[in-house]
Amino acid sequence: MGMYVKKLNHAEKDSLLVNQAFFRKFAGRPSTVKVHFGAWNRQLKVSVSQSLPSNTIGISSKSLEGYSLPPLKYKVLVKGNNVHIGPVLGIVAFKPGDAITIEKAKNYNDYLRPYSQIQGLIYICGADDI
């Protein structure tokens, strides 16, 4: 299912906020779930929030220290007590030391066009930026 994932500055550390409909997707009523976003994963306390739109979940910004979470629509999959957000894809498009410019990155637009089907995060980077 496609959902927005919002970074929440006001939420307590290590928390995932979901609406009631999303909470029903979990087996039982877990107090914590493991959230996966690319290489990042954390055990987060799950709470129901009445203020989130039905197509949005929230992760505390303190839990994401050092990681960016661009405001995009992501595929969100619930498996047991695990929440998978993504995919996160990296296109290594430049050799080490190459300058990455917007003009050069535009050469990869064809890879980005099917975003509505991918619904994940796509990075274009150099070999020395991974």
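Analyst: One term is needed at the outset: a residue is called buried when its relative accessible area is under 20%, exposed when that area is over 50%, and partly exposed in between. Please keep in mind that this is a predicted model.

User: Is Asp-14 buried, partly exposed or exposed?
Analyst: Asp-14 sits in the loop between E1 and strand E2, the latter covering 15-18. Its relative accessibility is 31%. Because buried requires a value under 20% and exposed a value over 50%, Asp-14 counts as partly exposed.

User: What is the phi of Asp-14 near?
Analyst: Most residues other than glycine have a negative phi. Asp-14 is a residue other than glycine, yet its phi is positive, with a value near 60°.

User: Which residue does a cis peptide bond join to Gly-86?
Analyst: Most peptide bonds are trans. The bond in question is cis, with omega at about 20°.

User: How many helices and how many strands does the protein chain have, and in what order do they run?
Analyst: The secondary structure comes to 4 helices and 9 strands. Read from the N terminus on, the order of these elements is β-β-α-β-β-β-β-β-β-α-α-α-β.

User: In what order do the strands of the closed barrel run?
Analyst: Strands of a sheet pair through backbone hydrogen bonds, either parallel or antiparallel. Here the pairing is mixed, and 7 strands make up the closed barrel. From one strand to the next, the twist averages 40°. The order is E1-E5-E2-E4-E3-E7-E6.

User: Which residue of E6 is the bridge partner of Tyr-4?
Analyst: Strand E1, residues 2-8, and strand E6, residues 73-79, run antiparallel and are joined by 3 bridges. For Tyr-4, the bridge partner in E6 is Lys-73.

User: What share of the contacts with a separation of 6 or more comes from residues 24 or more positions apart?
Analyst: The protein chain has 130 residues, of which 37% count as buried, and its C-alpha trace spans about 50 × 25 × 25 Å along the principal axes. Among contacts in the chain with a separation of 6 or more, the share from residues 24 or more positions apart is 74%.

User: How far apart do the centres of the positive and negative side chains lie?
Analyst: The protein chain carries 17 positive and 8 negative side chains. The centres of these two sets lie apart by 13 Å.

Definitions and conventions
Residues are numbered from 1 along each chain as its sequence is written. This is a predicted model: local features need pLDDT of at least 70, side-chain atom pairs count only at pLDDT 80 or more; totals for chains, interfaces and linings use all residues. Side-chain values use heavy atoms; hydrogens and water are left out. Two strands pair if DSSP finds at least two bridges between them. Helices (H or I, at least four residues) and strands (E, at least two) are DSSP runs, numbered from the N terminus. Axes are lines fitted to C-alpha atoms, for helices over the stretch in contact, and angles run from 0 to 180 degrees between N-to-C directions. Buried means under 20% relative accessible area, exposed over 50%, partly exposed in between (1.4 Å probe, protein chains only). Contact means heavy atoms within 4.5 Å. Lys and Arg count as positive and Asp and Glu as negative; His and the chain ends are not counted. The place of a charge is taken as NZ of Lys, CZ of Arg, CG of Asp or CD of Glu.
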